[in-house]
Amino acid sequence: MTRVHVTVWDGAGSAEGAPPAVFAHGIFTWGTDEAYGFGAQRPLAADRPLHLVDRRGYGDSPDTRRSDFETDAADLAEVLAELPAGAHLVGHANGGLAALLAAARHPGLVRSLALIQPAAFWPAAGEPAVAALLERTADAVPVPEDTPAEDYLRASTEGLGMTMPEPTPRRLRAVRTSMRERPVWEAAGDLAPLAAAPWPKLVIAGDWEDAPPLYRKYAGEALRAAARVVAREIGGDHLTVPGYYPHTQQPERVNAALRALWGRAEGRG
């Protein structure tokens, strides 16, 4: 039995026997969230069941003292193992990092892999934008325990030129978990199993053209570089869409790309 909460969307029109898709979200959010999660991917449930994971400390999953991509990867592997025919795996940001690690370690449980701006920086450490990010974070100190979650959310959104979502109790719990999350720049892994995997892979990134300048400078340039390099290293396709939050800002394009990926994996494309 998995140790995280999973919401299952199974539309009335879902094809019988169609392999499910498992989704892993990023920070400040949870699986079904409309703002940062995968709420805009619900139409895909018309084709197959969607299993939306709440990572530990997020959504309806249990609390955790410190969220960790290694634990998330193990949790995703447990979710995948409970699906008899395997599943398509989709991850965004920190959830994309966990999905990348889970798929590399358990390729037999995966039917296809889609990564949306994965927070996987070690393969692209030589890229100037990523090297600059790693240099900035080398001496980063943990967020003080007494920092109010609402203040942190405001600084992380309005402070970078974005709109702050409503600070509901559910959102603030997600923010508190994100504040204690293990830094993604500590991650490393072997991508060779993914390059050798027979199923299709896709990495999606925004073009960041209309992103707030500070957000583009401190996050976007490194995420774009990482997406490009990860796609190359795992032998995946690389798709760029307008904006900087692909699955929420461009859901029709992203959903179409996911449908096409899954169709190829199932021999229909």
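Entry 1, Asn-94. I looked up Asn-94 in this predicted model and found that its relative accessibility is 13%, so the residue counts as buried, the cut-off being under 20%. Asn-94 has its place in helix α2. When I left aside the neighbours within four places in sequence, the contacts of Asn-94 were His-25, Gly-26, Ile-27, Arg-55, Ala-119, Glu-181 and Val-184.

I then turned to α1, which runs over residues 69–81 and has 13 residues; from its first C-alpha to its last the helix reaches 18 Å, close to the 18 Å expected at 1.5 Å a residue. At the N-terminal end I noted a cap from Asp-68, whose side-chain oxygen lies 2.7 Å from the backbone nitrogen of Glu-70. Which residues of α1 are buried? I listed Phe-69, Asp-72, Ala-73, Asp-75, Leu-76, Ala-77, Val-79 and Leu-80. The cover over these buried residues includes the strands β1 (5–9), β2 (21–24), β3 (50–54), β4 (87–92) and β5 (110–116), together with helix α2 (93–105).

Entry 3, α4 against α5. Last, I checked how helix α4 (residues 149–157) packs with helix α5 (residues 169–179), and I recorded an angle of about 80° with the axes 9 Å apart. That angle makes α4 roughly perpendicular to α5. By class, I noted six nonpolar, no polar and three charged residues in the contact of α4 with α5. On the α4 side the residues are Ala-149, Glu-150, Tyr-152 and Leu-153, and they meet Arg-171, Leu-172, Val-175, Arg-176 and Met-179 of α5.

Note on methods
Residues numbered from 1 in each chain as written. Predicted model: local features only at pLDDT ≥ 70, side-chain atom pairs only at ≥ 80, totals over all residues. Heavy atoms only, no water. Helix = DSSP H or I, 4+ residues; strand = E, 2+ residues; numbered from the N terminus. Expected span 1.5 Å × (residues − 1). Buried < 20%, exposed > 50% of the residue type's maximum accessible area, 1.4 Å probe, protein only. Contact = heavy atoms within 4.5 Å. Polar contact = N/O pair within 3.5 Å; in protein donor to acceptor, adjacent residues only side chain to side chain. Axes fitted to C-alpha atoms, helices over the stretch in contact; angles between N-to-C directions. Parallel < 35°, antiparallel > 145°, perpendicular 65-115°, else oblique. Nonpolar A, V, L, I, M, F, W, Y, C, P; charged D, E, K, R; others polar.
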